[in-house]
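The sequence and structure come first, and the notes follow by topic.

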Amino acid sequence: MDSDFDTALRAAGLKSTAGRVAVLEAMESMPHTDAERVYRAVSAVLPTTSIQSVHNILADLTTAGLLRRIEPAGSAALYERRIGDNHHHIVCTACGAVGDVDCVVGEAPCLTPSSAGGFTVQTAEVTFWGLCPSCQNAA
Ligand SMILES: [Zn+2]
Ligand SMILES: [Zn+2]
């Protein structure tokens, strides 16, 4: 059986395995997900999966460019399928909810440092912090 996930895995130079496909499938409906939640979703489909193998798969998929890993301060590493567009994140300081923020202005890197110290700048990664709508309502 050939799926988009098989194709994506092979295009990234990875072997298509049941575990990798299950992780990609789970990530489709769960943006910004930590390994623990990915594991729970995957083990519903593949009961023999271990948390360690999910960690390994997430690392492999991130290295291959199929997942993006973000790590807001104070949070576990989160993974998402939305890759390669230099988008930013907004994090709720109360509940940790994470939202996507498109490029701040125009195209990547969309922010110009006041001084880059001779570096060429390819991307900029910004984390905005605030209160999500439901935490504002609760306050
Ligand atoms: Zn919140
Ligand atoms: Zn995102």
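Of the 139 residues of the protein, 17% count as buried. The model is a predicted one. Its secondary structure consists of five helices and six strands, and the chain is divided into domain 1 (4-79) and domain 2 (85-139).

**Overall build**

- Read along the sequence, the elements follow the pattern α-α-β-α-α-β-β-β-β-β-α.
- The C-alpha atoms fill a box of roughly 50 × 45 × 25 Å, with the box taken along the principal axes.

**Domains**

- Domain 1 covers residues 4-79 and domain 2 covers residues 85-139.
- The centres of domain 1 and domain 2, taken over C-alpha atoms, are separated by 23 Å.
- Five residues from domain 1 and five residues from domain 2 take part in the contact.
- On the side of domain 1 that touches domain 2, three residues are nonpolar, two are polar and none is charged.

**The three-stranded sheet**

- Three strands form an open sheet in the order E5-E4-E6, and the pairing is mixed.
- Strand E5 (98-101) and strand E6 (127-130) each have a single partner strand and stand at the edges, so one side of each is left without a neighbour in the sheet.
- On average, neighbouring strands of this sheet are turned by 25° against each other, direction ignored.
- In a regular strand, side chains alternate between the two faces of the sheet.

**Pairing of E4 with E5**

- Strand E4 (residues 88-92) pairs with E5 in the antiparallel sense, over four bridges.
- Histidine 88 is placed opposite valine 101 in E5.
- Valine 91 is placed opposite valine 98, also in E5.
- E4 and E5 form a hairpin with five residues between them.
- Glycine 96, in the turn of this hairpin, has a positive phi of about 85°.

**Pairing of E4 with E6**

- E4 and E6 pair in the parallel sense, over four bridges.
- Isoleucine 90 has phenylalanine 128 in E6 as its bridge partner.

**Proline 109 and the loop between E5 and E6**

- Proline 109 lies in the loop between E5 and E6.
- Leaving aside residues up to four places away in sequence, proline 109 touches Asn86, Val121, Gln122, Thr123 and Ala124.
- Alanine 97 is twelve residues from proline 109 along the chain, and their C-alpha atoms are separated by 24 Å.

Notes. Residues are numbered from 1 along each chain as its sequence is written. Chains are lettered from A and ligands numbered from 1 in the order in which they are written. This is a predicted model: local features need pLDDT of at least 70, side-chain atom pairs count only at pLDDT 80 or more; totals for chains, interfaces and linings use all residues. Two strands pair if DSSP finds at least two bridges between them. Helices (H or I, at least four residues) and strands (E, at least two) are DSSP runs, numbered from the N terminus. Axes are lines fitted to C-alpha atoms, for helices over the stretch in contact, and angles run from 0 to 180 degrees between N-to-C directions. A residue is buried if 20 or more other C-beta atoms lie within 10 Å of its own, exposed if 12 or fewer, and partly exposed in between; C-beta atoms are placed from the backbone. Domain bounds come from an automatic or database domain assignment. Two residues are in contact if their C-beta atoms, placed from the backbone, lie within 7 Å. Ala, Val, Leu, Ile, Met, Phe, Trp, Tyr, Cys and Pro count as nonpolar, Asp, Glu, Lys and Arg as charged, and the others, Gly among them, as polar.
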